[in-house]
Amino acid sequence: MTDLENMLFLKLRPASDHRLADLTEPILAEGERALQPFQGIRDGVVFTDRRVIAVNTQGFTGKKKPFVSLPYNRIQAYSVESAGMMDLDSEMQLWFTGLGVVPFEFIAGADLASLARLIGEAVLYRFDCRGGAELGCRIDKAYAGNGYGTEAFAAVAEWGLYKIH
């Protein structure tokens, strides 16, 4: 069993092959895509467009592999610490509702900016595993009150309901 209370993923590096993504592919939901796989010494993490999937390799042979799904819609906050001059590792911490903080440590060269955009988008817009999301838009003060927001929402709703399928 994976210890959810003490999860820590150390020295993650971008996976150079597709083995980790292939390993998690059977548990992906319909339409879900693996975006960024990272490999540790034995463990791995795959960031999809809906969640983080942690693979915790166990046992002497490494054949036992529990999977932990950490959905983005359960993230309350996150932090990113970039690599410095003396410390080449970067870190990301995700705070999950009902679970607490899950830290990830990445070696130099990991694209944390794209991960932060992915997590930020999921947290800020609350995409869910069914393909739903909260819809919002910003209208500059100079254009407020002219119905542009209503028009934009109507266009998005029409596109979503009639053009996607």
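**Fold, core and surface**

Author: The secondary structure of the protein chain amounts to 3 helices and 8 strands. Helices (H or I, at least four residues) and strands (E, at least two) are DSSP runs, numbered from the N terminus. This is a predicted model, in which local features need pLDDT of at least 70 and side-chain atom pairs count only at pLDDT 80 or more, while totals for chains, interfaces and linings use all residues. Residues are numbered from 1 along each chain as its sequence is written, and side-chain values use heavy atoms, with hydrogens and water left out.

Reader: What pattern does the protein chain follow along the sequence?

Author: The pattern is β-α-β-β-β-β-β-β-β-α-α. With contact meaning heavy atoms within 4.5 Å, residues 24 or more positions apart account for 39% of the contacts with a separation of 6 or more.

Reader: How is a pair of aromatic rings described?

Author: The distance of the centres and the angle of the planes describe such a pair. Rings of Phe, Tyr and Trp (its six-membered ring) pair if their centres lie within 6.5 Å; planes under 30 degrees apart are stacked, over 60 edge-to-face, and the rest tilted. By this rule there are 4 aromatic pairs. One of them joins Phe38 and Phe47 edge-to-face, at 5.9 Å centre to centre and 90 degrees between the planes.

Reader: Are Phe38 and Phe47 buried or exposed?

Author: Buried means under 20% relative accessible area, exposed over 50%, and partly exposed in between (1.4 Å probe, protein chains only). Phe38 counts as buried because its relative accessibility is 2%, and Phe47 counts as buried at 0%.

Reader: Which parts does the pair of Phe47 and Phe104 tie together?

Author: The pair is tilted, at 5.8 Å centre to centre and 55 degrees between the planes. Phe47 lies in strand β3 (residues 44–48) and Phe104 in strand β8 (residues 100–106), so the pair ties together parts 57 residues apart in sequence. Ring pairs also link Phe38, Phe47, Phe104 and Phe106 into a cluster.

Reader: Which residues touch the most other members of the largest nonpolar core?

Author: A nonpolar core is a set of buried Ala, Val, Leu, Ile, Met, Phe, Trp, Tyr and Cys residues joined through side-chain atoms within 4.5 Å. The largest has 21 residues, of which Phe47, Val52, Leu94, Phe104 and Phe106 touch the most other members. Elements giving two or more residues to this core include β3, β8 and α2 (112–125). Helix α2 gives the most, with 4 residues. Of the 165 residues of the protein chain, 33% count as buried.

Reader: Where does Ile41 lie, and how exposed is Ile41?

Author: Ile41 lies in the loop between β2 and β3, and Ile41 counts as exposed because its relative accessibility is 79%. The C-alpha atoms of Ile41 and Lys11, 30 residues apart in sequence, are 7.5 Å apart in space. Arg42 is found in the loop between β2 (34–39) and β3, and Arg42 is partly exposed, with a relative accessible area of 40%. Between the C-alpha atoms of Arg42 and Leu12, 30 residues apart along the chain, the separation is 9.9 Å.

Reader: Where does Ile27 lie?

Author: Ile27 lies in the loop between α1 (19–24) and β2. At 38% relative accessibility, Ile27 counts as partly exposed.
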